[in-house]
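Here are a few exercises to work through with the model open in your viewer. Try each task before reading its solution.

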Amino acid sequence: MTPEAATAASGPRPIVEFLKIPASGSPYLEGQKCRSCSAIFLGERATCSSCGTTGSCEPFRLSNRGELYVFSIVYRSFPGIEVPYVSAIVDLEGGGTVKGNLIGIDPDPVKIKMGMPVEVVYEIAPRKDKEGNEYLTYYFKPRA
Amino acid sequence: MSDNVYIVGTDMIRFGRFPDKSVPELGAEAAQLALKDAGVKIQDVEALYCGNLMQASGMVGQRILQEIGQTGIPVTNSANACATGATALRGAWMSIKAGVYDLVLVVGVEQLGKMGLLGGPGGGGGIPKEGLLGSGLMPAVFAEAGMEHARKYGTTFEQFAKVSVKNHQHSTRNPKSMYRNETPLDVVMGAEMIAYPNTKLMCSVNVDGAAAAVLASEKKARELGMKRAVKISASILTSDPFTQRDLVMPDVNTCTRQAAAKAYEMAGIGPDDLDLVELHDCFATAEILHYENLGLCGEGEAGRMIDEGETAHGGRIPVNVSGGLLSKGHPLGATGVANVYEIATHLRGEAGDRQVAGAKVGLAHVIGLGSACGIHILEKTS
């Protein structure tokens, strides 16, 4: 499905295809799950990349809760990209691993704890494309 | 099938920045040096395997032959991220092992100039994802890989930084290294932070470079003289098997572990038999992971290993005595041939000031993200 097709008529577009914006209800992340080997991953494919079974992958709604697996704090990036930012790998409850910015915490290696509970939140991205279209992105936030 | 495959000649140009030279010119320079070292002419060579990444569609091998002799031999150009050079070498090794050729040239070459370490901003439509959906930049990707080790074993920023102190120190004794400066721990840790915990001095150096090797069958090696010949006792290439996090966090560990197990089996040795190792220190964090991946120490012991100087020159198992990618430089397609040159030079007893005394067996490792892992184990013959 193209990002356009997944977008509600006049709302923001999803930043990545695995971010789903239903016509009604909250946005969510969607992975694929293999019926044959239960592997979970991002991105549609005809054949499971874990077990090689064809036609066994189906959409799987990912949880908005997870835990911080690892992170890095990025200080040098492309021109125009605000630094520092925390690049985080998050393992989601029920399976699936996603990468994104960790927000709502100081970019300080002493404060950021690997294993800390986080939640996925959805916000309008601070960037637009050349045509001026808005995009919905996701972030990770510490969860109590 | 040929019994054994030998390196009968190998050399590299000093890594650096050569904006006035072309990629084929750099490759030709290394090729000529290796042919001379082997005592053979291009007319003796039956095939060329060439590794280059940034001009992968540019027929670099053929253009090298335009510089050194268009003899009409088959040329295979390979591109496999940072395992490009090792992939070319393995192609040459397989062709001799299969009994197709007796004398084959391998060239790895790259021109990076002052290109940033960061890579491209990424494809796909919509808006740029970098800095919104985390980081796909190499310093951060390898920082995250290092943080996995920190999470498991408590490895510290200081321990990662010590890798860079060691490799820069090693490079002061290598005349072919891009940089040859000592960088004390406070300098490494105090350098500009690129992606925590990797500072600028913990990132490999983007350089231009080329390295080459001449491989021979047992029969041809005996004909040329075995005195300086180095045996290739294992040549292994792996790709990354499926793991759940691999898509967002490239797994550099599993493919290295699988390659190491296969390489030790093929060579009939274990990690304790190694006298030196050149491994893929693209970032200081990566070197720590590969101590365990290659079995140089037990699980969780890599931090202690760097603390106790076991991998420094003169230590139990010296790692990256060339200066490694961190100081010698990392010309992507050349790296996997240059580290084989380094091992071979020690086994020949020709490494000068940096010679690892009595070296008989060595291992060269590279990993290309995406992923490909290449390992070669070399043995002294005389």
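**Exercise 1.** Find at what angle helix H1 (residues 23-38) and helix H2 (residues 60-68) of chain B pack, and how far apart their axes are.

*Solution.* Start with the elements: helices (H or I, at least four residues) and strands (E, at least two) are DSSP runs, numbered from the N terminus. Now the residues, where contact means C-beta atoms, placed from the backbone, within 7 Å. H1(B) brings B:Val23, B:Pro24, B:Glu25, B:Gly27, B:Ala28, B:Ala31 and B:Gln32, while H2(B) brings B:Val60, B:Arg63, B:Ile64, B:Gln66, B:Glu67 and B:Ile68.

A word on ground rules: this is a predicted model, where local features need pLDDT of at least 70, side-chain atom pairs count only at pLDDT 80 or more, and totals for chains, interfaces and linings use all residues. Residues are numbered from 1 along each chain as its sequence is written, and chains are lettered from A and ligands numbered from 1 in the order in which they are written.

**Exercise 2.** Locate the cis peptide bond from A:Val83 to A:Pro84 and the one from B:Gly370 to B:Ser371.

*Solution.* Take chain A to begin with: omega is near -5° for the bond into A:Pro84, a residue in the loop between strand S6 (65-74) and strand S7 (85-92). Over in chain B, omega is near 0° for the bond into B:Ser371, which sits in the loop between strand S10 (361-368) and strand S11 (372-380).

**Exercise 3.** A:Ser38 has a positive phi although it is not a glycine; is A:Ser38 buried or exposed?

*Solution.* Read off phi, about 70°. Then place A:Ser38: the loop between strand S3 (28-34) and strand S4 (40-41) of chain A. Finally, count neighbours (buried: 20 or more other C-beta atoms within 10 Å; exposed: 12 or fewer; partly exposed: in between; C-beta atoms placed from the backbone). A:Ser38 has 12, so it counts as exposed.

**Exercise 4.** Which residues have the most contacts inside the largest nonpolar core?

*Solution.* The largest one has 164 residues, and the most contacts belong to B:Val104, B:Val106, B:Val107, B:Ala212, B:Ala213 and B:Leu215. Helix H12 (residues 332-347) of chain B supplies the largest share, 9 residues.

Terms used:
Axes fitted to C-alpha atoms, helices over the stretch in contact; angles between N-to-C directions. Contact = placed C-beta atoms within 7 Å. Core = buried A, V, L, I, M, F, W, Y, C linked by C-beta atoms within 7 Å.
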